[in-house]
Amino acid sequence: MQVTLGISLLLGISMSIFSAAQTPTAANSVNLLIGTAGDGMTFPAVGVPFGMTQWTPQTREGERKCVAPYYAVDARIQGFRASHFLSGSCMQDYGSVTLMPLSGPLKVDPKERASAFLRESEVIHPSSYSVDLKDYGIHVDMTGSLRSGFLRFRFNQGGKSWILVQDNARPGDGDILIDEAHQEISGRNAVRRLYAGRGKLAGFSGYFVAKFDRPFHVGGTWSGDVKHEGSLSQQAVAGAPGAYIYFDLKPGDVVQSKIGTSFTSVDEARKNLHAEIRGWSFNRVEAQARSKWSDALEHVQITADATDRTIFYTALYHASLLPRTFSDVSGSYPRFAGMGELEQAKGFTYYDDFSIWDTFRAVHPLLTILDPKRESDMVRSLIAKGDEGGFLPIFPAWNSYTQEMVGDHAGAIISDAYFKGIRGFDVKDAYRLMRKNALESPASEALYSDGRGRRALQSYLKYGYIPLEDKVPFAFHGEEQVSRTLEYAYDDAQVSAMAAALGHDEDAELFRKRAQNYHNVLDPETGFVRGRHVDGTWDKPFDPAGKYHYITEGLPFQYTFFVPQDVDGLIAALHGRKAFVDKLDALFDGGYYDHGNEPSHHIAYLYDYAGEAWKTQAHVHKIMDEGYHNGPIGLAGNDDAGQMSAWYVFSALGFYPVSPGTPRYSIGTPRFEDATIHLPGGKQFHIHANGAHDGKFFIHAAKLNGVPLTRNWITHAEIAAGGELVFDMSSEANPEWPAAVE
């Protein structure tokens, strides 16, 4: 119903309410509504890049799995939330708080208090959000800093006017306090784990403190549907606890609130607020946030029409939200999987909410180009998690082990950074942890069931693949043995490369051989990956386009191509380039490519490896055309913490990281006539595509720094050094490129 209800409305608002009539800068080109309908699971996240907390209008209450806080189809706003929802993911919010202004009778239930809003008044920008609440005659402005938020309410009706502060905690898991003497409201929302350890306390909370710029009167508190007039504190008893205060106002009076957040304590939330937002100038805070977004998005400048600019810069915006800052201004943060202990990030920012199975593919490689210092801190954060919890995490979210998804790709993020020259982290410790994940299981079942270590590692070590008899217990995704085998083989290639770089020759050879384990699930008779039993026999019946419990969120047809560490070896195993291309053709012709999920994301680029670069160009162009649009239904699937968007950023620029950990990019088809990447240190990498503006997407010829480019890939070092990549585009395929063109 969410997808289909009000489709005409969604189409009508796709262009009308974001950054209205503003100068077409990169930040002003962003449409925060893209992905807020259909399967996108995004929301208008206001604040600064990679913020601890994002600020959003709330149209759906609670912290429920797969329910984002805002949907473009909804017609009523329940409040304004300090959110930790993982943008684009089927996850759940945690540690959040919502503020709502009211005029007239007091209503505390989110659905009852919700107001209709004037869509023409809804102005959305990465740094701010404004709206008129029609039912109450209240105009709201909202902005944010890295760890704090700022709300401005203009009460046009005057009289007794309310502000509700709702701590979105589950029963028994939170509390809220009105401090009349200091004119503030504070609260705690205990976080519970998801996936591994589901329902257990995560050992930390979302804390907040809200201050106001004029004296308030105490109204009371509530939990569930029970109000307590005059009460100053409230536990989460029957439901989320809340506090309500009121002001005696004249029509047009403004009340401002600034809110500090933290994952360690109310005191740290207060310190974060004091450090980031001093005084009561909303415009100054918004200007600072706007400047942060300009700095982030203008790393890349493009020449394109308005629609293409919007799609591109919205993608770059979505790829700049996660992982989130998790440490306070003081450096304090909750120990990873630490059950209440605190750590200190000394000399770096600690990040969390890594949707690694998704983001190792393109989000992190994008940061190695645009923001290597931040990527270094993210690598340090992963290493800190490994040191604190004992194993590198598979999918660290809620500052806990989760065992969501498959693979062991923290090592891929580390190796990708290392081989692109990024330092600032303990390489030896990183390798120790990568090696441990690849060789050791936790010492006890309790630790294993809590999410530590590779799933089914002992079977993988014994057989060289995970047989179907191993049902892979203690994993959110049960079984999926073939996908795990393939992804572990890729991960082992990363361990091998790091071992070789650090002089561990025996380890390098061990893991080099293990990186070939993909052969053990590649059925030579059918030419597809396939479930396999302990005795070596293949699972029957079999259809490469069928859905099987041993494949993760995809088909054997798709996962057969997940051998990014050894595409040449895969081509040989599938009987050479022609057979490989025929199989790729069959995937696309049969409609088995699924851009809505990550296992397909690299596949179009594999034609490059088989000497058919023009087919990569054709398919990538089609995917960009059909999978990305300027409107709420603008993404082909979940954005998954920015991965769907990062794919577009890379692809629109003309290249993509097929195998993170290998510092090279496969060339696709540049979408824009001109694009300039502004690199750290003042260097620039300029991409010029003659004819792209006219819709030409086949490459006829190319030059790198004036020299004919006779390969269909470029290296990270070539980009990082700065320079110019020039394409001559054509409306006709050139099967000879990248051979030299006379």
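This is a dialogue about how to read a few side-chain features in a predicted model.

Biologist: What should I keep in mind about numbering and confidence before I start?

Modeller: Residues are numbered from 1 along each chain as its sequence is written, and since the model is predicted, local features need pLDDT of at least 70 and side-chain atom pairs count only at pLDDT 80 or more, while totals for chains, interfaces and linings use all residues. Side-chain values use heavy atoms, with hydrogens and water left out.

Biologist: Which cysteines are joined by a disulfide, and where do they lie?

Modeller: A disulfide is a covalent bond between the sulfur atoms of two cysteines. The rule used here takes a pair of cysteine sulfur atoms within 2.5 Å, and by that rule the count comes to one disulfide. The bond joins Cys66 to Cys90, with an S to S distance of 1.5 Å. Cys66 lies in the loop between strand S1 (54–58) and strand S2 (76–77), and Cys90 in the loop between strand S3 (79–83) and strand S4 (97–103), so the pair ties together parts that are 24 residues apart in sequence. Strands here are DSSP runs of E with at least two residues and helices are runs of H or I with at least four, numbered from the N terminus. The torsion about the S-S bond of Cys66 and Cys90 is about 90°, so the disulfide is right-handed.

Biologist: Is Cys66 buried, exposed or partly exposed, and which of these is Cys90?

Modeller: Buried means under 20% relative accessible area, exposed means over 50%, and partly exposed is in between, with a 1.4 Å probe and protein chains only. Cys66 is partly exposed at 25%, and Cys90 is partly exposed at 29%.

Biologist: How many salt bridges does the structure hold?

Modeller: Side chains of opposite charge can pair when their charged atoms come close. The criterion is a side-chain nitrogen of Lys or Arg within 4 Å of a carboxyl oxygen of Asp or Glu, and the structure holds 40 salt bridges. One of them pairs Asp135 with Arg76, whose closest N and O atoms are 2.6 Å apart. Asp135 lies in the loop between strand S7 (128–133) and strand S8 (138–144) and Arg76 in strand S2, so this pair ties together parts that are 59 residues apart in sequence.

Biologist: What separates Asp429 from Arg432 in helix H10?

Modeller: Asp429 and Arg432 are three residues apart in helix H10 (residues 427–439), and are therefore separated by about one helical turn; their closest N and O atoms are 2.8 Å apart in a salt bridge. Asp429 is buried at 15% relative accessibility, whereas Arg432 is partly exposed at 41%. Elsewhere, Glu184, Lys211, Asp267 and Arg270 are linked in a network of salt bridges.

Biologist: How many aromatic pairs are there, and how is one described?

Modeller: A pair of aromatic rings is described by the distance of the centres and the angle of the planes. Rings of Phe, Tyr and Trp (its six-membered ring) pair if their centres lie within 6.5 Å, and planes under 30 degrees apart count as stacked, over 60 as edge-to-face and the rest as tilted. A search of the whole structure finds 48 aromatic pairs. The ring centres of Phe153 and Phe155 are 6.4 Å apart and the planes stand at 65°, so this pair is edge-to-face; both Phe153 and Phe155 are buried.
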